[in-house]
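Please look over the sequence and the structure below before reading on.

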Amino acid sequence: MWKASRYEGVAVPFAPIVPADEYLHPATAEPHFTDIETNLYGFNIPAEDIQSNIYVLWHPLLRTMSIQIFVYRGRRVLPHQLAADYFQEQLFLPAVTDNSDWRMQMGSCSVRFQILQPLERILIEIEDPRRRFALNLRYDAAMPPVGRPGGKHFTQLMKTSGELTLDGKRYGIDGLYVRDRSWGYRRPEEPESVPPYRWMTGWFGADSAFVAAWMDTGLLDSPEFGPDWNRMADGRDATGANKWESGGKTPSLNFRSGWFAVDGTPRPVVRMDVRTLSAEPSQLQVKAIELELEDSSGEVHRIRGDVLSLIPKMYWQNLLVYMHCVELKYGQRTGHGDLMDTYSTHHVRRHGI
């Protein structure tokens, strides 16, 4: 069954992003153990049905960091993140203090991250000979970074190139990906009593891409997650504040942020209509999605997404992220993207997995 909802809001200016934002930032004025810095990278190889995601998170006050890497192949629904063809996650690593060029050894897996030119060029090298895995991944900016409301967070379309070795077989990388970076705000891990937080990225070429983030009040048939959810929530949760944002102004309560790039220039999104087809019998997994995004110039962009594969990603043990790889259609253009739907114990207890 298709589920539909609409969100309207105001155009929120993009937060300014400078080259220094590529590097680790000084501690906040009142440091807290939940303060974070993050980098989310990834790539896909559509011809081989290969998807990958790389996530690095710093806890500056705790002086620890975590690294998660997964690569999987095939049009399939993975039962668990450990079912990926390659999976590596270490949660309590000693934090590096300079991210311009750093290395880490995690058992048989060694990683190196280099900022070759801030906001323009990044190199990631991973080797795990014991598991016949290697990655040489280069990012080159396809578009400028887009700062999210409140700052301290940006997304950016990148050109991907390099080579992957998976189970001893080599694959060339030549594509696009929307990366994400954040810093300088708190990301507590407790579950939030809000509708599912959804985040979608997509690209149709080096000149056209989008990002949208919203709390979907039409996805689950429960009053506490529906259009009047904020009247039932208490305290901070009722404001829409959540762990993914730094607290700046958003287009509306439920539409949190969005941009659509036309001819390489990102524009704020002011309205979105979304229709979601669940992958029955699950109410939380998605089979297809349709978006209608209106940008600040009044132009409307209609996108159809069909899910190719899904991995249940655990950012933390109390947060389930269904990360869907989506094949996209936008007019005569095709592309790919990620649909990331986040669920806590509040959602799973009520609606299953």
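## Around Trp229

Leaving aside its neighbours within four places in sequence, Trp229 is in contact with Ser193, Val194, Pro195, Met215, Thr217, Pro223, Glu224, Asp237, Ala238, Gly240, Leu253 and Asn254, where contact means heavy atoms within 4.5 Å. This is a predicted model, in which local features need pLDDT of at least 70 and side-chain atom pairs count only at pLDDT 80 or more, while totals for chains, interfaces and linings use all residues. Residues are numbered from 1 along each chain as its sequence is written, and side-chain values use heavy atoms, with hydrogens and water left out.

Trp229 lies in the loop between β14 (208-215) and β15 (255-262); strands (E, at least two residues) and helices (H or I, at least four) are DSSP runs, numbered from the N terminus. Trp229 is buried, because its relative accessible area is 0%, and buried means under 20% relative accessible area, exposed over 50%, and partly exposed in between (1.4 Å probe, protein chains only).

## The nonpolar cores

A nonpolar core is a set of buried Ala, Val, Leu, Ile, Met, Phe, Trp, Tyr and Cys residues joined through side-chain atoms within 4.5 Å. The largest one has 70 residues, and Trp102, Val111 and Leu164 touch the most other members. Beyond its neighbours within four places in sequence, Leu164 has a set of contacts that includes Phe43, Ile45, Val71, Phe133 and Tyr171. Apart from this core lies another, of 21 residues, including Phe204, Phe210, Val326 and Leu328. In soluble globular proteins, nonpolar side chains tend to be buried together.

## Cavities and an aromatic pair

How many cavities of 30 Å³ or more does the structure hold? There are five of them, a cavity being a set of points, on a 1 Å grid over the protein atoms alone, where a 1.4 Å probe fits but cannot get out, with lining residues having an atom within 4 Å of a point. Grid points are joined across faces, edges and corners, and a volume is the space filled by probe spheres set on the points. The largest cavity holds about 160 Å³ of space, and of the 13 residues that line it, the closest to its centre are Asp180, Arg187, Trp199, Trp244 and Tyr315.

Trp244 and Tyr315 also form an aromatic pair: their ring centres are 5.7 Å apart and their planes are at 65°, so the pair is edge-to-face. Rings of Phe, Tyr and Trp (its six-membered ring) pair if their centres lie within 6.5 Å, and planes under 30 degrees apart count as stacked, over 60 as edge-to-face and the rest as tilted. Trp244 is in the loop between β14 and β15, whereas Tyr315 is in strand β18 (residues 300-316), 71 residues apart, and both residues are buried.

Most residues other than glycine have a negative phi, and most peptide bonds are trans.

A cis peptide bond, with omega about 10°, joins Glu280 and Pro281, and Pro281 has its place in the loop between β16 (265-278) and β17 (286-295).

Definitions and conventions. On a 1 Å grid over the protein atoms alone, a cavity is a set of points where a 1.4 Å probe fits but cannot get out, and a pocket is an open set with protein on both sides within 12 Å along at least five of seven lines; lining residues have an atom within 4 Å of a point.
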